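Visitor: Hi! Could you walk me through a few spots in this one?
Guide: Happy to, just ask away.

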Amino acid sequence: MKAAPVAVDASHVGLVNVADILSSVAKCHPEKSAVVVQGSGETDRACITFEKLDERIHRCAHGLSDLGIGVGTKTILMVKPGIDFFVLTFALFRIGAVPVLIDPGMGRKQLIRCLEAIEAEAFIGIPLAHVARLLFAKSFRSVRICVTVGRRWFWGGATLRDVLSETCGPFVTAATDGKDLAAILFTSGSTGPAKGVAYEHGMFAAQVGYLASQFGCGPADTDVATFPLFALFDVALGMTAIIPDMDPSKPGSVDPMRIIAAIKSHDATQIFGSPALLNRVIAHCESSNIKLPSLRRVLTAGAPIQPEMLAKLRRVLHPEAEIHTPYGATEALPVTSIESRMVLETTAEQTADGAGICVGKVMPGLELRIIEICDQPIEDASGCNVLGVGEIGEICVRGPVVTASYYKNPKATHLAKIAEGDTLWHRMGDVGYLDESGRLWFCGRKAHRVETYSGTLFTIPCEAIFNCHPKVRRSALVGIGDAPKQKPVLCIELVEADSVDRGVLTADLLALGQKNEKTCDICTILFHPSFPVDVR
């Protein structure tokens, strides 16, 4: 059963501010829990209703404004997931300031480099974040306003308690247009240098609209939010956000019992999590014979999820539960989505045979094209060769959830965007193709393709052939040398390295590859003890 969705204007045109969307929810559901922070035991650490959350946001907006944070003030926000995170983020939206939000999986060096490039005027963070700010003072020399969330030590500035000290009336929301800059979100940097993505207020509203209309998210739901940035959408949709006791930067190391406890103690109807996190939860449920009947919706993103994991997940959920795997990127999300039944019943077998991963049909209101692969900037759409059904090429998308630029990075923007009239196409950096029914099949990252004498090999279709072997945990296709004369090499990570005769396995894998035209040119197999992978 789907919850009644929140009505949201997803257009880019006219005045729009996601903080007003939350205020509307607070008026309709004042006593409903908005945010619940899970404790390490059975007792929650904190809880706040929508009415109280909205009231605190207004107070915070007044206090931050009094400090000098105003429309367009770029504000680094480094606060742990919890009530303060929601209050501060939506207060900044209401002011018309621009919060700078970081993917928790980003490494320290990359984080400092990214924040330096932003030249933010304000810095709001926990004490440890301020210590880092002082240690790398040169990178934060543009900061003139500081707020400490928690105890302020030897540095100046205000505390969040100071900011919230006075009771005030409603703060008048900044008159932001749908095209106005709302936030800067950094890509994870797992597939290249991290870039600051410029989000507009209209895009946030459009994303809220898609979550409501396409997935049925709404006030009837309680979500276990394991990714802090996604949790912001929960409250805008009228959902209760349960913040589990975990380190969001290490989802693959989560204690599954804490996630299960958050689901069971609140009868959660939804969880948003990466495959790495869900894998740990599923394994524990299987070993302990635990079922999760309250969950009626699972959203998973950040990395491809294997059909075997989907099948295991379905066994611990209610029979009517839905598992959606939306496809997109920080620059454009969601683009497509596919439900688990479609995968398990129709596309998984094709994936195993090298067809790529089916990620579903494009969202209503978005347009998707497959163009001939090009590694150079494309000035306008007239320079694109649009490919037909079944032809693998670059995935491009345009529509209300597609960003227009990277912040202060014209080179990256020039490479990733294609102009057509007064609109822009975003080049996803991925390759794939459309089938006859209009479904998109993902074939890997464009930069990871291997160009050989006899043709181009794409990672996802080729790796799937070898991943079917029971002794292979995962594989990685790489190219040695320069295109178009690369030598394809397959790297293998084993399920159990100690019990494998690698000579025999190499022969088996080469024989397996010879049976498929996609992999018949792969003649070199190497073994690696543990692949470096994205935290998700």
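Visitor: Where is D245 found?
Guide: D245 is in the loop between β11 (240-243) and α9 (256-265). Helices (H or I, at least four residues) and strands (E, at least two) are DSSP runs, numbered from the N terminus. This is a predicted model, where local features need pLDDT of at least 70 and side-chain atom pairs count only at pLDDT 80 or more, while totals for chains, interfaces and linings use all residues. Residues are numbered from 1 along each chain as its sequence is written, and side-chain values use heavy atoms, with hydrogens and water left out.

Visitor: Is D245 buried or exposed?
Guide: D245 is buried, with a relative accessible area of 18%. Buried means under 20% relative accessible area, exposed over 50%, and partly exposed in between (1.4 Å probe, protein chains only).

Visitor: And what does D245 touch?
Guide: Leaving out residues up to four places away in sequence, D245 touches Q38, G39, S40, R45 and R258; contact means heavy atoms within 4.5 Å. The side chains of D245 and R258 are also joined by a polar contact of 2.9 Å. That term stands for a pair of N or O atoms within 3.5 Å; within protein, one must be able to donate a hydrogen and the other to accept it, and residues adjacent in sequence count only if both atoms are side-chain atoms.

Visitor: Switching topic: which residues of α10 are buried?
Guide: P275, L277, L278, V281, I282 and C285 are buried in α10. They lie on the same side of α10, because they cover an arc of only 150° around the axis; the arc is that of the directions from the helix axis to the C-beta atoms.

Visitor: What covers the buried residues of α10?
Guide: The cover includes α9, β12 (270-273), β13 (297-300) and α11 (307-316). Just after α10, N289 takes a positive phi of about 55°.

Visitor: Now the sheet with β25, β26 and β27: what is the strand order?
Guide: The order is β25-β26-β27 in an open sheet of 3 strands, with mixed pairing. Its edge strands are β25 (472-480) and β27 (524-527), each pairing on one side only. Two strands pair if DSSP finds at least two bridges between them.

Visitor: How many bridges join β26 to β27?
Guide: 4 bridges join β26 (residues 487-494) to β27, and these strands run parallel. L490 stands opposite I525 in β27.

Visitor: Which strands does helix α15 touch?
Guide: Helix α15 (residues 502-514) packs on the sheet and touches β25, β26 and β27.

Key:
Axes are lines fitted to C-alpha atoms, for helices over the stretch in contact, and angles run from 0 to 180 degrees between N-to-C directions.
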